[in-house]
Amino acid sequence: MAPHHLPFFLAPGSGTDTLMVVMGLFLIGTILWVGTLYWKLHSLPERMAHKSQKLQFEFVAVLGLISLFTHMHIFWVAGLLLALIDIPDFGTPLRSIADSVEKIADATPGESGGADVAAQTAGEVTSMPPDKSGPAKEKEHSHV
């Protein structure tokens, strides 16, 4: 009994609602697209810090997780700022200096002190030969 001049978006009494099915599919697609956009935006600091040092990447990843679970956006902003800043590498030059100083200490010319130190660290107990006098013996004066 419905008139034939009804608009297309009204469902017929005996059929399916085509507009509702189309809008439902559109809504599901939009939700999936917005969710993907959100995850890409949320992981932006981690993707930026992936090229940097391991420790910096781990800090940024932890800040991202904290912001995800607490919904406090300041952690995400802090992670983004930390990912943008290039932290200088202090460890490699200091490690190189320490290795060089250790080599210099072990390879002192004319003294067997470097070998004695290396042997003592390995657990062996060594002493100076009795015929050699150490620097302390040379400076010692006799009062007799």
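**Reading burial, patches and ring pairs**

Mentor: Histidine 42 is buried, its relative accessible area being 11%. Keep in mind that this is a predicted model.

Trainee: Where is histidine 42 placed, and in which helix?

Mentor: It belongs to helix 1, which covers residues 18–42.

Trainee: Which residues is histidine 42 in contact with, leaving aside its neighbours within four places in sequence?

Mentor: There, histidine 42 has contacts with Gly64, Ser67, Leu68 and Trp76.

Trainee: Now the surface. Which residues make the nonpolar surface patch?

Mentor: Met72, Ile74, Val77, Leu81, Leu84, Ile85 and Ile87 make a patch of about 630 Å². Take one of them, valine 77: its place is in helix 4, residues 73–84.

Trainee: How do I read a pair of aromatic rings?

Mentor: Two values describe such a pair: the distance of the centres and the angle of the planes.

Trainee: How many aromatic pairs does a search of the whole structure find?

Mentor: The search finds one. Tyrosine 38 and tryptophan 39 form it, with 5.6 Å centre to centre and 70° between the planes, in an edge-to-face arrangement. Planes over 60 degrees apart count as edge-to-face, so the label follows from the angle.

Trainee: Are these two residues buried or partly exposed?

Mentor: Tyrosine 38 is partly exposed at 41% relative accessible area, and tryptophan 39 is partly exposed at 49%.

Technical notes
Residues are numbered from 1 along each chain as its sequence is written. This is a predicted model: local features need pLDDT of at least 70, side-chain atom pairs count only at pLDDT 80 or more; totals for chains, interfaces and linings use all residues. Side-chain values use heavy atoms; hydrogens and water are left out. Helices (H or I, at least four residues) and strands (E, at least two) are DSSP runs, numbered from the N terminus. Buried means under 20% relative accessible area, exposed over 50%, partly exposed in between (1.4 Å probe, protein chains only). Contact means heavy atoms within 4.5 Å. Patches are made of residues with over 30% relative accessible area and no salt bridge: like charges are joined within 9 Å, nonpolar side chains (Val, Leu, Ile, Met, Phe, Trp, Tyr) within 5 Å. Accessible areas come from the Shrake-Rupley method with a 1.4 Å probe; for residues, only the protein chains shown count as cover. A salt bridge is a side-chain nitrogen of Lys or Arg within 4 Å of a carboxyl oxygen of Asp or Glu. Rings of Phe, Tyr and Trp (its six-membered ring) pair if their centres lie within 6.5 Å; planes under 30 degrees apart count as stacked, over 60 as edge-to-face and the rest as tilted.
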